[in-house]
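Hello,

Here is the structure I promised to pass on to you. Please open it first, and then read my notes below alongside it.

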Amino acid sequence: MAKVLGLDAGTNSLGWAIVEETETGYILEDKGVHIFQEGVARDKNNEKPAVQDRTDARALRRRYFRRRLRKIELLRVLVRYGLCPPLTEEQLEAWREKKRYPLDAAFLRWQRTDDNAERNPYHDRYRALTETLDLSDERHRHALGRALYHLAQRRGFLSNRKEAGNGKEEGAVQSGIENLSAEMEKAGCRYLGEYFYQLYRRKEKIRKRYTSRNKHYLAEFNAICERQCLPEEWRKALHRAIFFQRPLKSQKGSVGKCTFERKKSRCPVSHPRFEEFRMRSFINNIRLTAPGDDTPRPLTRLETETILPLFLRKSKPHFDFEEIARRIAGKGQYGCQGDRNEAPYRFNFARTATVSGCPVTASLIALFGDDWLPEICRLYRLGEGKSEEQVLNDIWHALFSFDDEERLRAWAADKLRLADEQAKAFAAIRLPQDYAALSLNAINKILPYLRRGYRYDEAVFLANLKAVLPPATYADETRRLRIERDIAELTLESRREPYVKYDSKERRIDDYLTDQGVPPARLNRLYHPSMIETYRAARPDAQGLLLLGSPRTASIRNPMAMRALFRLRTLVNRLLREDKIDPDTKIRIEFARGLNDANQRKAIEQYQREREAENRKYADEIRAQYAAETGLTIEPSEDDILKYRLWEEQKHVCPYTGKQIRVSDFIGSAPGFDIEHTLPRARGGDDSQMNKTLCESRFNRESKRTKLPAELYDCPPKELAKRLYKVTKMAKNGQTAFMFHQEARNDDKLKTDYAEKFGTTAPKALTNGYSSVDYQQPHPKLLLSPSSFDMYVEGYDFELTVTGQIIFKHETPC
């Protein structure tokens, strides 16, 4: 006998059961359900990261604290030069450390406003810009200090050029700044303080205007310093106190490591080599069935060159796959994955599949031409003795590292010998801030094979052959090319034997390379497409019990999957401590098919609320109709409400016998109609509502039993099709389920991020110290929902529309 732990994992629950597996069946030992909060938080109508409230509050605290520091630092300078009432260092430190604001009477009067006496910071800024103040007079010094203090309060935050935000939002900010500058010019004001003082006197609104830190506030500060003839020492100290901004903390240490090369950091997605790598990986995965093709094939070189311009557009960093299909096949001549139309060209991607372009490369092409890299090498002043790759890295590092756009523009004008407009365009290139899974070194090894047309998985196996093959073998070009072709064929033709535990594509390639004379020690250098960061091995605790370690890895970013993995570890370790399982226990996992995105989850929640409202409505209708038919009262159960829902869907008719059904026929002490499974549970049917009908009880017990609908009738094909149509259920949303095939259709699109992440990582996390882990997805439902589709019944091919029209394509069996 063997002990088995069965796990049913969802996004916020873990169902488990422990059974003894015997020759005759299973004996249940224990079971339970572990419910936990999913990895996102919710507000009124939306969801957000679970830590967002905490991180938002922390960011706000830090912003207030840094504002306070800026004011304190400026006050130190103002006190030093007598530009404000004196404050002691103890008062400033108490404000900094303990948030005790200085309550010195002179300091409070200095900040107080009085419109009748023209005492306000806008007036002080205006005077500092238009008059030469007598700095020997304390009142004039304090007015100048108050103007500078107001600049520090209002000067805003200088955006980092690398912080490429929402383009629409950035455009609105820039437009607002330009509009403000135009208003200033129209009013005859050179500086912001002058214009705002005019608005203040007219009692017009000043706040909530977009201003430029450098163009407006820094220009005003310099003008004040010039007007008041401030010493250089004062200017430097005041500039630092008002405009100093702490550089953003480097994230270099938090960047994950490469999947294939553990000691190297991941490559930023803005690097042109990664953009090409991503583009080639996608293009090489496209499969096309064109006129004259018997099977799907890769794109030809000409077809590839035809679609390359789609990836090199600055205006479209992302686009739909349909553009590729249209460019290759022509308008109206193509069909994509999921389409039911007949078309000369068929593609293996959905029309709306998102394709990532190469925006950084496109920007460089727009600036330097199609031969952008040789042109950069020709212009680059520091390129002597460097290869093209080294020059490319220098240029990209400049774009990636410079925070200030003006400094980058000056660097481009000097080092790349660009004209002013070209340097401005170069500095305006925005880099997406994210990281790939691979290092630049690994990408550069894979990229040559992608350029030759290999799929990503083939290219990965081939990428590190130089380190795997013996030097003499690799140097022999004929032999090396043959090995590359053989490995590519193995990846293409390999099909895993389901009953052979250790059979895999990787093992077959290892065996092949061993036959080619590769020592076993060198096989570890081979890249594998399925490589992910390994989990920490299970370690014994203080009592010597082997427990699972943390499942946290850099390769998983999905918060729901990570939450489920941590809860899985907690559950398994608890069962180990309670001695309900041991390291020899087999573990079988069934995980959720997919994780919906936020919009889908919101739609599901709305659907569930609508269903709850419908259930309450149906319960009221059951009470009323049952009382009208029988004169009795009844409190509807959940089963009664489900029967009523099916009754409504079937238009009050039994789909098998055609009998009319009343409410009292299926509700009460002796119902004549009951729920049956269209595709019987004994033959693989599920227990969903889609697989249920309200059927006459006697017919279900004596005739239907475990038969499929197609097995109930012995009649010609056309009559069979019409009878089968009566068995179909027409739901409110127009979906139709045809349950007369026991075969199930598996749609790869349903494997979303949660299934891929949790489904592949949970078994690996559990196998660190445990003997056997298996997992499976739920049996997929046969659910079809287009307006018309092709069906195949007992050798007859016909089209059945949702309106009930049946069009036979063949009068004889196919």
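To get you oriented, where is lysine 208 found? Lysine 208 sits in the loop between α7 and α8. Before I go on, please keep in mind that this is a predicted model.

Most residues other than glycine have a negative phi. Lysine 208 is not a glycine, yet its phi is positive, at about 65°. With a relative accessible area of 79%, lysine 208 is exposed, because exposed means over 50%.

Helix α7 covers residues 192–201 and helix α8 covers residues 213–228, and their axes come within 8 Å of each other. The crossing angle is roughly 100°, so α7 and α8 are roughly perpendicular to each other. On the α7 side of the contact you will find Leu192, Gly193 and Phe196, and these meet His216, Tyr217 and Glu220 in α8. By type, the residues of this contact are three nonpolar, two polar and one charged.

Now for the chain as a whole. The chain has 814 residues, and 42% of them are buried. Its secondary structure comes to 31 helices and 21 strands. The accessible surface is about 45,500 Å², with 48% of that belonging to carbon and sulfur atoms. If you count the contacts in the chain with a separation of 6 or more, residues 24 or more positions apart account for 62% of them.

To follow one of the pairings by eye, go to lysine 3, whose bridge partner in β2 is glutamate 20.

Next, please turn to valine 460. Is valine 460 buried or exposed? Its relative accessibility is 0%, so valine 460 counts as buried. Valine 460 lies in helix α19, which runs over residues 456–463. Leaving aside residues up to four places away in sequence, valine 460 touches Phe260, Ile446, Tyr527, His528 and Pro529. Serine 530 is 70 residues from valine 460 in sequence, while their C-alpha atoms are 9.8 Å apart in space.

Aspartate 579 is placed in the loop between α25 (559–577) and β13 (586–591). Phi of aspartate 579 is near 60°, a positive value in a residue other than glycine. At 62% relative accessibility, aspartate 579 counts as exposed.

Serine 688 is also in a loop, between β14 (673–677) and β15 (692–696). Serine 688 has 18% relative accessibility and therefore counts as buried, since buried means under 20%. Histidine 677 is eleven residues from serine 688 along the chain, and the C-alpha atoms of the two are separated by 8.9 Å.

Key: Residues numbered from 1 in each chain as written. Predicted model: local features only at pLDDT ≥ 70, side-chain atom pairs only at ≥ 80, totals over all residues. Heavy atoms only, no water. Axes fitted to C-alpha atoms, helices over the stretch in contact; angles between N-to-C directions. Helix = DSSP H or I, 4+ residues; strand = E, 2+ residues; numbered from the N terminus. Parallel < 35°, antiparallel > 145°, perpendicular 65-115°, else oblique. Contact = heavy atoms within 4.5 Å. Nonpolar A, V, L, I, M, F, W, Y, C, P; charged D, E, K, R; others polar. Buried < 20%, exposed > 50% of the residue type's maximum accessible area, 1.4 Å probe, protein only. Areas by Shrake-Rupley, 256 points an atom, 1.4 Å probe, with all protein chains shown as cover. Pairing = 2+ DSSP bridges.
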